[in-house]
Amino acid sequence: MNRIFACLLLLPVCLHADEFDPKDNTVVPGTRVGLIKPGMTLKDIGRAYGQQNLKFQKIPGADGEEVDGARLFPDTDRELLITWDPEKEKAQIVFDISIVGKAWKFDNGLRVGMTVEEVEKVNGKAFKISGFGWDYGGYANFEGGKLYGKVSVRFTPQMENLPDQICGEREIPSTDKVLRSVKPVVEAGISVFMR
């Protein structure tokens with residue numbers, strides 16, 4: 001019996017260090033954000049990172065709406081915005097995590113400030129971007145690529161007075177010359193889906 005108990009105590013040592021390192025700032029899209037994995041609740045996150053580091057508040061949502069959520073490590077370079085699944089609101093199961101702090105690093109190289117061409121390499125293929133100048137403008141559609149269903153990325157053009165053909169409710173191929181001429185880059189707040 002004592003031998004079994006001793007083995008159980010040693011079990012965590014046998015597991016990967018990244019599962020227990022609270023300073024791990026690695027983002028693996030579709031798998032984890034630091035210690036946070038799909039199916040975790042906010043209570044689980046509080047146990048992993050300390051309840052004192054979680055601040056419950058309204059988080060910006062679509063169309064100017066606000067949703068219930070939390071900030072982890074508010075006002076630091078490790079800040080995350082966390083929303084939970086509206087269908088499982090009582091359980092507060094994590095739904096999306098928006099990367100705010102610059103300390104978080106994507107294992108695939110994705111980062112704020114990347115160009116369309118650089119994101120194509122990470123995705124493994126070209127993709128589409130919604131036209132600029134409206135609520136959903138600049139969001140990437142990675143359908144069929146490595147990033148599909150794992151992240152939400154929004155691009156911001158680096159020029160003013162955009163041509164009409166890349167504005168409004170339409171999708172533009174990432175290879176489009178006019179789109180590339182306005183030098184869009186990934187803006188802060190890349191969201192990682194935990195669904």
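1. A residue counts as buried when its relative accessible area is under 20%. Keep that cut-off in mind as you look at this predicted model. Tyr-49 comes in at 7%, so Tyr-49 is buried. Phe-73 has 11% relative accessibility, so Phe-73 is buried too.

2. What kind of aromatic pair do Tyr-49 and Phe-73 form? Their pair is edge-to-face, with 5.4 Å centre to centre and 80 degrees between the planes. Tyr-49 belongs to helix α2 (residues 42-49), while Phe-73 sits in the loop between β4 (66-72) and β5 (80-84), so the pair ties together parts that are 24 residues apart in sequence.

3. Now try Trp-134 and Tyr-136. Their ring centres are 5.5 Å apart and their planes meet at 70 degrees, so this pair is edge-to-face. Trp-134 is partly exposed at 29% relative accessibility, and Tyr-136 is partly exposed at 34%.

4. The model has five aromatic pairs by count. Ring pairs also join Phe-127, Phe-142 and Phe-155 into a cluster.

5. Have a look at Arg-195 next. Its charged end sits over the ring of Phe-193, 4.3 Å from the centre. Arg-195 also lies over the face of Phe-95, at 4.1 Å from the ring centre.

6. Which residues of helix α3 (residues 116-123) are buried? They are Val-116, Val-119, Glu-120, Val-122 and Asn-123. These residues cover an arc of only 160 degrees around the axis, which puts them on the same side of α3. They pack against β8 (128-130), β11 (155-156), α4 (177-181) and β13 (185-186). Just after α3, Gly-124 has a positive phi of about 85 degrees.

Notes. Residues numbered from 1 in each chain as written. Predicted model: local features only at pLDDT ≥ 70, side-chain atom pairs only at ≥ 80, totals over all residues. Heavy atoms only, no water. Buried < 20%, exposed > 50% of the residue type's maximum accessible area, 1.4 Å probe, protein only. Helix = DSSP H or I, 4+ residues; strand = E, 2+ residues; numbered from the N terminus. Arc of directions from axis to C-beta. Contact = heavy atoms within 4.5 Å. Phe/Tyr/Trp six-rings, centres within 6.5 Å; stacked < 30°, edge-to-face > 60°. Lys NZ or Arg CZ within 6 Å of the ring centre and 35° of its normal.
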